[in-house]
Amino acid sequence: MAKVKMTAAVTLQEQLAADIYDMRIKAPEIAESAVPGQFVCLYSKDGARILPRPISLCGIDKEKGELRLVYRIAGEGTKEFSGLAAGDTIDVLGPLGNGFPLQAGKRAFLIGGGIGVPPMLELAKALHGLNRSGEDSLVQSVLGYRDSQMFLKDEFEAYGPVYAATEDGSFGTSGNVLDAIREQGLTADVIYACGPTPMLRALKAYAAEKGLECWLSLEEKMACGVGACLACVCRSKEVDGHSQVHNKRICKDGPVFRSDEIEL
């Protein structure tokens, strides 16, 4: 899949929660081939910040040629992006990485934790369209938040039932996403997840215990974003053909991996 570097126009920017921003950019060349689970790299206009910032795709509108990026301010680069408004421009490279496999006929858990929630929304939309048959949705979204600022939760409800867990107990299940699954007695055939490593590690173990297929999107700091620098690696069971060691490059080989391919 060819990646494109281009200057994109910002069409919308709004704040969703504390330090969480929703930006739409016009990037038809990237949107045309992008799939759920991939990401783009955004470039700062400040020459002192050379490395791009990877941002997952929350939405892909192929008809409008737009990408939706929901991100958290994590440093000076993302703080700069949050100041952009409609009509501003930004340099972007994408689509990057490998997305989630879309499978029909399987009851799915879509699990997002924190800033791992946004990339699950486009996947929910895609799986809902693939499995649309009658009233019973095969998509079950389980979302984990720190508190009651549950950004994007309402949008998941268009694609199936949504269950929430909050660390402070202010809404839904008090605890984490696995607590919500157990409390609600939920079952599925396949897990798709994105979020912090402790959450993914727990889901990997849960999937192994239950004999479930499990796909994890790893969050990691990146440098080049295209697999050249080996700055974002995770330990793998198989020897990587590029580095000749037990590593997988998250930006190039991932960010989505089958859970039994990697060590967490």
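Predicted model: local features only at pLDDT ≥ 70, side-chain atom pairs only at ≥ 80, totals over all residues.

Student: How many aromatic pairs does a search of the whole structure find?

Tutor: The search finds three. Rings of Phe, Tyr and Trp (its six-membered ring) pair if their centres lie within 6.5 Å; planes under 30 degrees apart count as stacked, over 60 as edge-to-face and the rest as tilted.

Student: Why is the pair of Tyr-21 and Tyr-71 called stacked?

Tutor: The centres of Tyr-21 and Tyr-71 are 6.2 Å apart and the angle between the planes is 25°. The limits are within 6.5 Å for a pair and under 30 degrees for stacking, so the term stacked applies.

Student: What makes this pair a tie between parts apart in sequence?

Tutor: Tyr-21 belongs to strand 2 (residues 20-26) and Tyr-71 to strand 6 (residues 66-72), so the pair ties together parts 50 residues apart in sequence. Strands (E, at least two residues) are DSSP runs, numbered from the N terminus.

Student: Why is the pair of Tyr-145 and Phe-151 called edge-to-face?

Tutor: The ring centres of Tyr-145 and Phe-151 are 5.5 Å apart and the planes stand at 80°, so the pair is edge-to-face.

Student: How do you know whether Tyr-145 is buried or exposed?

Tutor: Buried means under 20% relative accessible area, exposed over 50%, and partly exposed in between (1.4 Å probe, protein chains only). Tyr-145 has 3% relative accessibility and therefore counts as buried. Phe-151, at 7%, also counts as buried.

Student: What makes Lys-5 a charge over the ring of Tyr-43?

Tutor: The NZ of Lys or CZ of Arg must be within 6 Å of the ring centre and within 35 degrees of the ring normal. Lys-5 lies over the face of Tyr-43, at 4.0 Å from the ring centre.

Student: Which residues is Thr-173 in contact with, and where is Thr-173 found?

Tutor: Thr-173 is found in strand 11 (residues 173-174). Contact means heavy atoms within 4.5 Å. Leaving aside neighbours within four places in sequence, the contacts of Thr-173 include Ala-164, Asp-179 and Glu-183. Thr-173 is buried, because its relative accessible area is 4%.

Methods: Residues numbered from 1 in each chain as written. Heavy atoms only, no water. Helix = DSSP H or I, 4+ residues; strand = E, 2+ residues; numbered from the N terminus.
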